[in-house]
Amino acid sequence: MIDWLARHDPKRVFLETPFGSHTYGDVLESLHNRPVAGTEVLRPRLTAGSVVDILAVMSLGSAVIVGPDADAPGDLDPGGAATVVFTSGSTGRSKGVRLTRDNWEAAVVASQVHLGNSPDDVWLLGMGMHRVGGIAIVLRSARTGGTVRMPAKFDAAEFAGGLRSGVTIASLVPTMLHRMLDIDPGPYRGVRAVLVGGGPIPDGLLERAVAAGLPVLPSYGMTETCGQVATLRPGSAIEKKVHPLPGVEVRIEPDQRIAVRGRMVSPGYVGEPDRLSAGWFLTGDLGALDTDGALRVLGRADDVIVSGGVNIDPGVIEAALDEIAGVESALVFGMPSPEWGMEVACVYVGSLVPEDVEVRLRERLSGPLIPKRWHRVDALPTTDMGKPDRSQAARMLS
């Protein structure tokens with residue numbers, strides 16, 4: 001990745017931060033001065049220094065990338081991968097994904113061809129640098145010679161201001177786009193693409209964005225594929241479908257699950273053997289292919305709730321609720337939300353009122369794992385086989 005930076009005019013601005021701008025020459029010099037000790041654990045923040053750390057280590061060693069405040073992982077063998085990036089979530093299911101330099105290059109080139117990225121692009125970064133989406137934005141710009149505008153954190157008002165001041169492309173999860181449009185409904189001018197992915201897109205959100213002058217492009221990808229593998233083609237009629245990027249193959253398995261194949265697909269997870277090079281990666285998402293080859297993502301094949309771009313395992317919440325005296329049984333599921341895409345909901349049997357259940361749950365869990373909707377019932381809904389029925393529980397609350 002270091003050689004990508006060396007191809008460009010050293011006076012061209014690579015990073016714009018609240019604390020100043022950094023040219024390609026500045027960053028390249030910092031990279032040459034930054035020693036690399038084989039495998040390093042990095043906790044990147046939205047800073048130029050974190051960009052240098054990631055580029056240096058993934059170019060010359062292996063970067064194990066965790067959240068800014070996360071504990072260091074135990075013994076991890078990157079297996080020669082350039083990066084180990086963890087799947088999203090606070091769900092108890094997070095896995096370390098091994099991504100090679102070849103994976104990253106294939107992903108970056110495919111995105112560049114699909115979107116038509118150029119040195120004139122200014123990409124507004126709203127994703128954390130410990131997530132595959134944030135890393136990908138930096139790498140895409142580094143290869144094409146573009147500029148990354150990097151705010152200290154996501155702020156809806158500031159992000160809207162950025163889209164009015166020279167930014168040409170941005171990536172957002174649906175929750176971010178929703179909040180931004182609530183604060184500033186537009187119109188926006190001069191932006192040529194806004195990628196929207198990382199979770200279900202609520203009905204009406206794309207239409208709101210188009211009315212605000214934003215050329216939104218639904219996008220599909222995951223950590224195991226270096227992010228983006230399918231995105232609506234620029235210039236297409238706006239709808240909830242995505243087109244596979246160059247070099248990406250997509251097929252639908254008999255159980256409707258989406259399978260992906262391409263050079264950008266990870267060889268495997270930490271601690272697991274490599275996938276076969278010619279094999280398909282079977283995702284946890286359901287989908288369908290249109291006659292023109294476009295992919296429609298229909299939802300999750302399992303019970304994971306994707307809320308605001310974070311994957312949430314209902315089982316983790318249910319296990320915590322089981323420990324609360326006064327809660328006999330509980331069922332956690334997702335409900336459609338105009339802001340979050342999906343929000344966490346819970347029906348339960350017990351003597352406590354919902355307010356008391358929430359207070360006691362917050363002693364065990366936090367953040368997105370706390371249900372936003374509660375309902376006390378006499379008995380949990382079940383299927384004919386006697387298993388908990390999340391679909392029926394969602395209908396109860398609709």
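This is a predicted model: local features need pLDDT of at least 70, side-chain atom pairs count only at pLDDT 80 or more; totals for chains, interfaces and linings use all residues.
1. Nine strands make up an open sheet. Their order is S2-S1-S8-S7-S9-S10-S11-S12-S13, and the pairing is mixed. At the edges lie strand S2 (20-23) and strand S13 (243-244), each of which pairs on one side only.

2. S1 and S8. Strand S1 covers residues 13-17 and strand S8 covers residues 147-149. The two run parallel and are joined by two bridges. Look for Glu16, which stands opposite Arg149 in S8.

3. Helix H5. This helix spans residues 132-144 and packs on the sheet. Its contacts include S1, strand S7 (122-124), S8 and strand S9 (169-172). H5 also touches strand S10 (193-196), strand S11 (216-222) and strand S12 (227-231). The direction of H5 makes about 145 degrees with that of S8.

4. Helix H7. Residues 174-183 form H7, which packs on the sheet as well. H7 touches S9, S10 and S11. Its direction makes about 115 degrees with that of S9.

5. Asp303. Now to a single residue. Asp303 sits in the loop between strand S18 (295-300) and strand S19 (305-307). Asp303 counts as partly exposed because its relative accessibility is 45%, between the cut-offs of 20% and 50%.

6. Partners of Asp303. Which residues does Asp303 contact, leaving aside neighbours within four places in sequence? They are Pro314 and Arg390. Arg390 is 87 residues from Asp303 in sequence. In space, their C-alpha atoms are 8.4 Å apart.

Key:
Residues are numbered from 1 along each chain as its sequence is written. Side-chain values use heavy atoms; hydrogens and water are left out. Helices (H or I, at least four residues) and strands (E, at least two) are DSSP runs, numbered from the N terminus. Buried means under 20% relative accessible area, exposed over 50%, partly exposed in between (1.4 Å probe, protein chains only). Contact means heavy atoms within 4.5 Å. Two strands pair if DSSP finds at least two bridges between them. Axes are lines fitted to C-alpha atoms, for helices over the stretch in contact, and angles run from 0 to 180 degrees between N-to-C directions.
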